[in-house]
Amino acid sequence: MKITDAKVIVTCPGRNFVTLKVYTNEGIYGLGDATLNGREKSVVSYLEDHCIPALIGKDPDNIEDIWHYFYKGAYWKRGPVTMTAVSAIDMALWDIKAKKLNTPLFNLLGGKSRDRVLVYAHASGKEMNETVERTGKLIDEGYQAVRVQSGIPGVSHAYGVTREEKRYEPAGKGIPFEEQWNTSRYLQYIPELFEKLRATFGNEIHLLHDVHHRCSPMEAARLAKELEPSHLFWLEDPVSAELQESLRLIRMHSTTPIAIGEVFNTVYDFTTLVTEQLIDYIRMPLVHGGGITHLLKAAAFASFYHVRTGFHGATDLSPVNMAAALHFDLAVNNFGIQEYMVHENVVNEVFRINYHFEKGYLYIDNTPGIGVDIDEGKAAKYPYSMASLPVSRKEDGTMFYW
Ligand code: CS2
Ligand code: MG
């Protein structure tokens with residue numbers, strides 16, 4: 001089998017998505033998600049200028065070799081742009097292999113360890129009461145796990161709160177919108193919010209919260225400790241984890257489970273976090289973490305240290321990634337939970353999806369391959385529109401983590 005051509009499809013049905021399509025001489029093609037929110041065109045160029053010319057003529061069956069060709073062969077290894085391109089190629093090759101064998105992808109990953117995938121939804125509100133009310137609506141819709149974010153009194157832009165009735169989409173048109181942040185007001189408010197959520201909904205529902213990289217290790221330790229009575233399913237990205245050992249400070253003060261890694265790109269970003277059991281869930285998704293080939297290794301490594309998967313699954317990861325993630329989630333033993341932000345309906349005009357939600361779980365069908373397709377005609381109706389993630393400053397103007 002030979003790769004005869006490949007192209008990058010950029011479309012913007014409500015938000016930008018980048019999809020790699022790899023063609024073979026046996027009429028089978030594979031898809032890979034190459035979306036990197038706010039950096040889409042960088043990945044397009046890396047794929048078109050540096051990867052696709054070298055991909056043509058290779059045997060798509062040789063997934064492991066091709067992965068190392070684009071990893072070791074890159075020389076300037078790792079990083080979000082490089083690894084998103086590698087991930088897209090890898091996803092497309094696994095798609096081709098499963099289609100060629102006429103089997104759903106999960107069968108190539110060890111088969112099913114479960115028949116459904118536990119997911120969590122996103123609830124947010126401008127203030128506590130609206131947040132509690134919206135959390136209740138998701139519980140009524142059947143979700144068993146809800147990530148809860150809230151506006152913070154006195155903080156103009158808290159992370160994760162929808163600015164208008166639309167579903168939450170952080171990237172805004174043009175250059176970054178400047179948000180303001182105040183950690184101490186946040187630290188005072190969040191324990192109170194989760195106390196109210198537990199008092200309202202009881203202990204059954206899994207509650208999650210995303211700090212979104214905004215605490216120092218000691219602030220995060222305080223928050224994790226104060227949240228212990230609320231028994232969170234996880235506290236996400238408590239600190240910006242360039243310094244892996246900073247998680248030791250949090251771990252020594254609290255039993256609140258920690259999830260981290262949606263901005264990681266290879267297992268090397270979290271070897272200390274895993275071997276010292278400083279985290280409970282790893283979030284690095286297929287689309288940014290080296291695809292199925294690398295995540296199989298990373299998940300196996302994590303499994304020996306009691307660390308489970310909790311893939312990133314925001315709306316800025318495409319349905320191709322979501323479906324590939326569901327195959328992976330069905331198969332690996334140390335699956336934890338899958339993030340599931342529902343894409344706008346217009347996205348399903350461009351992507352034909354093979355998964356559905358039912359009573360807190362996602363189910364995927366037995367379509368061969370990853371099982372998602374893209375309608376290129378419809379995709380062309382939605383041209384790329386440059387958008388950027390916000391930046392965040394403290395109230396005195398100091399640049400901070402968004
Ligand atoms: C968030 C993301 O879903 C999450 O946990 O951290 O929504 C993140 O803000 C976006 O993916 C950034 O593009
Ligand atoms: Mg997050």
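Q: Domain bounds come from an automatic or database domain assignment; which domains does this assignment give for the protein?
A: You are looking at a predicted model: local features need pLDDT of at least 70, side-chain atom pairs count only at pLDDT 80 or more, and totals for chains, interfaces and linings use all residues, while side-chain values use heavy atoms, with hydrogens and water left out. Residues are numbered from 1 along each chain as its sequence is written, and chains are lettered from A and ligands numbered from 1 in the order in which they are written. The assignment gives domain 1 (3-105) and domain 2 (108-368).

Q: How many residues of domain 2 are in contact with domain 1?
A: Taken over C-alpha atoms, the centres of the two domains are separated by 26 Å. Contact means heavy atoms within 4.5 Å. By that rule, 34 residues of domain 1 meet domain 2, and the number on the domain 2 side is 37.

Q: What area do domain 1 and domain 2 bury between them?
A: The size of an interface is often given as the accessible area lost when the parts come together. Buried area here is the accessible area (1.4 Å probe) that two parts lose on being put together, summed over both. For domain 1 and domain 2, 66% of it is on carbon and sulfur atoms, and the area is about 2900 Å².

Q: How many salt bridges does the rule find across the interface of domain 1 and domain 2?
A: Side chains of opposite charge can pair when their charged atoms come close. The rule asks for a side-chain nitrogen of Lys or Arg within 4 Å of a carboxyl oxygen of Asp or Glu. Across this interface, the number of salt bridges is three.

Q: Which helix or strand supplies the largest share of the side of domain 1 that touches domain 2?
A: The interface also has 15 residue pairs in polar contact, both residues at pLDDT 80 or more (a pair of N or O atoms within 3.5 Å; within protein, one must be able to donate a hydrogen and the other to accept it, and residues adjacent in sequence count only if both atoms are side-chain atoms). Helices (H or I, at least four residues) and strands (E, at least two) are DSSP runs, numbered from the N terminus. On the domain 1 side, β2 (17-24), β3 (29-33), α2 (63-71) and α3 (80-100) each supply at least two residues. The largest share, 10 residues, comes from α3.

Q: Is Met-284 buried or exposed?
A: Met-284 sits in the loop between β11 (281-282) and α9. Leaving aside neighbours within four places in sequence, the contacts of Met-284 include Phe-264, Phe-270, His-294 and Phe-311. Buried means under 20% relative accessible area, exposed over 50%, and partly exposed in between (1.4 Å probe, protein chains only). Since its relative accessibility is 0%, Met-284 counts as buried.

Q: What is the relative accessible area of His-294?
A: His-294 is found in helix α9 (residues 291-303). Not counting residues up to four places away in sequence, His-294 touches Trp-67, Asn-265, Thr-266, Val-267, Met-284 and Gly-289. His-294 is buried, with a relative accessible area of 7%.

Q: Which side chain makes a polar contact with the side chain of Glu-242?
A: Glu-242 lies in the loop between β9 (234-236) and α7 (247-251). Glu-242 is exposed, with a relative accessible area of 59%. At 2.6 Å, its side chain makes a polar contact with that of Ser-240.

Q: What separates Arg-222 and Glu-226 along helix α6?
A: The side chains of Arg-222 and Glu-226 form a salt bridge at 3.3 Å, N to O. Both are partly exposed, Arg-222 at 36% relative accessibility and Glu-226 at 37%. Because they are four residues apart in helix α6 (residues 217-226), their separation is about one helical turn.

Q: How many salt bridges does the structure hold?
A: One network of salt bridges links Glu-236, Glu-262, Arg-283 and Glu-339. Lys-126 also pairs with Glu-130, the closest N and O atoms being 3.9 Å apart. For the structure, the number of salt bridges is 23.

How values were computed
Domains from an automatic or database assignment.
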